[in-house]
Amino acid sequence: MSKQTFQTGQMVTFKVGSRSIQGVVKEDRGPIGRKGRVLYLVEFRREAESPDVSRIELPAEQLKEVKGTVSIQ
């Protein structure tokens, strides 16, 4: 289980197949995953220029912090 924690508004990346997707943590859902894993609600765009926003719940161990960016909530 990952000890990494993320804050609302923080930029993260995660894998979808072989693609790396960038998103924003919208909510810390808490330890509601299997065996108490902490889940995060992440908002992202499948294509960089797309107006459509998608959301996904992911455990902390599948997220990586994007360093050196400023996020907007």
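Student: Leaving aside neighbours within four places in sequence, which residues is Ser54 in contact with?
Tutor: Keep in mind that this is a predicted model. Ser54 is in contact with Val42, Glu43, Phe44 and Arg46. Ser54 itself lies in strand β4.

Student: Is Ser54 buried or exposed?
Tutor: Check the relative accessible area; under 20% means buried. Ser54 has 17%, so the residue is buried.

Student: Which residue is the bridge partner of Phe44 in β4?
Tutor: Ser54 is that partner. Step back to the strands now. β3 and β4 (residues 54-59) pair in the antiparallel sense, over six bridges.

Student: How many bridges join β2 to β3?
Tutor: Six, and these two strands run antiparallel. β2 covers residues 19-30.

Student: Why is β3 largely enclosed by the rest of the structure?
Tutor: Count its buried residues. Strand β3 spans residues 39-44, and five of the six are buried, so the rest of the structure largely encloses it.

Student: How should I think about side chains along a strand?
Tutor: In a regular strand, they alternate between the two faces of the sheet.

Student: Over how many bridges do β1 and β5 pair?
Tutor: Two, in the antiparallel sense. Val12 stands opposite Glu65 in β5.

Student: How many helices and strands does the chain have?
Tutor: Zero helices and five strands. From the N terminus, the elements read β-β-β-β-β.

Student: What share of the chain counts as buried?
Tutor: Of its 73 residues, 34%. For the surface, look at area and atom type together. The accessible surface is about 5,200 Å², and 47% of that belongs to carbon and sulfur atoms.

Student: How do I read contact range?
Tutor: Look at sequence separation. Among contacts in the chain with a separation of 6 or more, 36% are between residues 24 or more positions apart.

Student: How many salt bridges does the count come to?
Tutor: The count is six. Read each one as a pair of side chains, then ask which elements they sit in. Arg29 and Glu57 meet in one, at 3.1 Å from N to O. This pair links distant parts of the chain: Arg29 is in strand β2 and Glu57 in strand β4, 28 residues apart. Arg29 is partly exposed at 33% relative accessibility. Glu57 is partly exposed too, at 34%.

Student: Which residues are linked in a network of salt bridges?
Tutor: Lys26, Glu43 and Arg55. Lys26 meets Glu43 at 3.7 Å, N to O. Lys26 lies in β2 and Glu43 in β3, so the pair ties together parts 17 residues apart in sequence. Arg55 forms a salt bridge with Glu43, with the closest N and O atoms 2.9 Å apart. Arg55 lies in β4 and Glu43 in β3, so this pair ties together parts twelve residues apart in sequence.

Student: Is Arg55 buried or exposed?
Tutor: Exposed, with a relative accessible area of 52%. Lys26, at 27%, counts as partly exposed.

How values were computed:
Residues are numbered from 1 along each chain as its sequence is written. This is a predicted model: local features need pLDDT of at least 70, side-chain atom pairs count only at pLDDT 80 or more; totals for chains, interfaces and linings use all residues. Side-chain values use heavy atoms; hydrogens and water are left out. Helices (H or I, at least four residues) and strands (E, at least two) are DSSP runs, numbered from the N terminus. Buried means under 20% relative accessible area, exposed over 50%, partly exposed in between (1.4 Å probe, protein chains only). Contact means heavy atoms within 4.5 Å. Accessible areas come from the Shrake-Rupley method with a 1.4 Å probe; for residues, only the protein chains shown count as cover. Two strands pair if DSSP finds at least two bridges between them. A salt bridge is a side-chain nitrogen of Lys or Arg within 4 Å of a carboxyl oxygen of Asp or Glu.
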